[in-house]
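Visitor: Please take a close look at one part of this model. Start with a single side chain and its surroundings, then go on to the aromatic rings.

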Amino acid sequence: GVSPSEKLLVTLPSQAGASPCGADKVACDSGDCIAAELACDFADTCADGSDEKHCGTTTFESGAGGWHDVSVGRLRWGLQKVTESDIFLTVFLYPGTFLALQTGEGQMVGPAKARSPLLGPSGPACTMEMSYHIHSDPQGFLAISVADHTTGTTQLAWQTQGRGSTTGGRVRVPLGERSRPFQVELLALVDLQGSASVSVDNVTFEQCYLDIVSPTAAELSCNFERGMCGWYQDLSSDFKWVHGVGQGQGSDHTTGSGYFLSVDPAMPWSHGQQAQLLTSRQEPAAAPRCLSFWYRLAGPQIGTLNLKLRLEGGEEVVLWTRRGTQGSIWHRAWATLPATGKQWYQVAFEVLHDGFLGDVGLDDITQTAGPCGAELSCSFEAEGCGLAASGKGTWQRQSNGTGTTTGPVADHTTGTAAGHYMVVNTGRVSLPAGHTAALTSQPYQPSVSAQCLAFWYQLSAGTPGSLRVFVEQSRVRRKVLSTSTMEGSNWHRSHVTIQPDGDWQVVFEAVGAGGDHGYIALDDLHVLDGACPEPASCDFEQDTCGWSSPSDPRFHSFAWGWKNGISLAKYPGPEQDHTLGTRNGHYIHFDTSVLGARGTSALLESPPLPAVTDSCLRFWYHMDIPEHLSSGELRVTVRSWAGQRTVWSVAGHRSRGWQGAVVPLQSPREFQISFEITTRRWPMEGTVALDDIMYSSRVGCHSSLKSPVEEKPSSSFVAEVVLSLLVALVIVALVAAGGWYWLKQRGLASRTLTESNSPQGFDNITFRD
């Protein structure tokens, strides 16, 4: 064999070779000179292709291949020859010459660094591959980073630790799309005083040219079970999309046990960072296509998921967007990719961080010919969802921050001035008295025998005119809503059950009333399968029925989540819902461990409800909070513009399953019901869940014999027994005095709730099995 001292060691150049063509020029083998920026751009510029010969792709048999050493310490990179007798290395590397770590001339302890020539720009599929071998103590490492000299930044792309043993093999490192020239750096640090060694060989750059052939529609359609198809990581992002099987974030959508894409759960969340997933350059599209996909956007502080079209030349169009938690469950979305004329384009999914708690998932992307049908869920954030305006006045999509028509201060979706809605100016100049402005949806195709149309609307103060809503089937219109006044300046929710016998459309019609100023606005239009529940009632199986967590930052509050009983490492909760009693049933929940100091809370609010004198709220709750952390509290409050009051509360405790509560409500003016979790300690480990909220505005709590069951803490047992005895004595006395039917009614009435002066407001009524 050959001893180490006999091995051929060759010094790696310390800089790229000088060109005989002069500054900013590179010589071809033929003698022609080309501009330096055209060399190593992954496309042949020299007629003989020689400008791409020394650009990092090399076996090192005929030289350094453009790599040069820029080390300044005790270590440096050099070329080394290995023979077949060096069994130790040929397990990982072919016999021949390779790049190896050598002893340098400097004194500083630091990693050796070798650089490629200036490369790129590159396309999204760009990948570097190399064979490597490392034998080192656990502190040693080999790494690949990418330097962008325009911005002065360096990004780590791959690394491996020594681990105190010998490892190696072939590694594939995505470099992705980079619009500016860049250099790849090889970094290594080991202690060469012992038997440590690091070697690199057979470096290639694959599919890096900018104009890579665009994948077909079939390659953009992807369930991620066998890889990324035609989608690529944008490696200039602040954090990464991860191709995996869940890591505690739940299962994929395709099979329940397969692969999907998620935002790296190990990344620390911070405001304003972004991650992008890209296609390669797509050929100009002559006709629109429909892209459907499944997404998950979950967590008490989660950001925004966007679908964008990037046209060649830099213009970006947001085709679809969702902001804030949508629950730990998969949702389907559709977006029409428009025709692009003669322009090449890319499609991109983008995640923007708004907070630090939550995760994003993406699965089952499908591209089909032709535009998508009517949008079943429209927030107006990205587009008008195909709604067509007609009539005297003009409906327009705008945000308060950029709009030209006076409208709501904030939209309903995001609760901010930047959020979008549809609005029409109903002042008499724009919409004279009696004239109408219509907004008509595309046809909805019924999938079940009953569907629920829900939307949010807002009317200005003064004389806003009227909002009339019609459902049209077979050219026959049926009026489902007519309103001309509204209390306060809140968004209001309306819903109507449709029983379609074919395709149907919804028509929103604004009617002028001759006022000086006014507006009517719409937001968050949804079509769901199944009949609509009563207002503020919800079993949480289809959606959250208008219950939502306010996004106003002044509340300093977190969002409640929406999930099923299948456990997630990040967001635990009951293993069964209350409605179905199964793991597949859904409920609303909150993980109390995220609550911070200073009384930070989690709010869940109903839509605005009309004034009532005697109504009833029933719900089931599940609290799983250790006794010693019982400073946590779940409260029900009634909020109106006149203020708020607590009508029910319970201190945190370890739950014994789902428990029921009944709360009578009254309010002389329009109000909202709010569930609130608060704590005075931090952290408070535990979960709170709600299910089967039932609100009845027509009858009070005393009118129903069937009420939820509540298990009270054992400390209240004695008081409950005494109360039961007293009630029994009253009933016996009443039986002796009169008829049974009258007594039965009186017995129930004697147990109705009255408002208490205690801080808890109303006590809740309970019945045992």
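Guide: Glu-605 counts as buried, at 11% relative accessibility. Here buried means under 20% relative accessible area, exposed over 50%, and partly exposed in between (1.4 Å probe, protein chains only). This is a predicted model, in which local features need pLDDT of at least 70 and side-chain atom pairs count only at pLDDT 80 or more, while totals for chains, interfaces and linings use all residues. Residues are numbered from 1 along each chain as its sequence is written, and side-chain values use heavy atoms, with hydrogens and water left out.

Glu-605 belongs to strand S38 (residues 601-605). Strands (E, at least two residues) and helices (H or I, at least four) are DSSP runs, numbered from the N terminus. Leaving out residues up to four places away in sequence, Glu-605 touches Gly-546, Trp-547, Ser-548, Pro-550, Arg-639, Gln-672, Ile-673 and Ser-674. Contact means heavy atoms within 4.5 Å.

Now the rings. The whole structure holds 21 aromatic pairs. Rings of Phe, Tyr and Trp (its six-membered ring) pair if their centres lie within 6.5 Å; planes under 30 degrees apart are stacked, over 60 edge-to-face, the rest tilted. Trp-560 and Phe-590 make a tilted pair, at 6.2 Å centre to centre and 45° between the planes. Trp-560 sits in the loop between strand S35 (557-559) and strand S36 (561-564), and Phe-590 in strand S37 (residues 586-591), so this pair ties together parts 30 residues apart in sequence. Both Trp-560 and Phe-590 are buried.

Phe-671 and Tyr-695 pair edge-to-face: 6.4 Å between centres, 70° between planes. Phe-671 lies in the loop between strand S42 (659-667) and strand S43 (672-678), Tyr-695 in strand S44 (residues 687-696), so the pair ties together parts 24 residues apart in sequence. Phe-671 is buried, with a relative accessible area of 2%. Tyr-695 is buried as well, at 7%.

Two rings carry a charge over the face. Arg-281 lies over Trp-344, 4.3 Å from the ring centre. The charged end of Arg-477 sits over Phe-470, 5.1 Å from the centre of the ring. The test needs NZ of Lys or CZ of Arg within 6 Å of the ring centre and within 35 degrees of the ring normal.

Last, confidence. Mean pLDDT, the predictor's confidence in each residue from 0 to 100, is 82 for the chain, and 81% of residues reach 70 or more. Over residues 709-728, pLDDT stays under 50. Where pLDDT is low, the predicted coordinates should not be read in detail.
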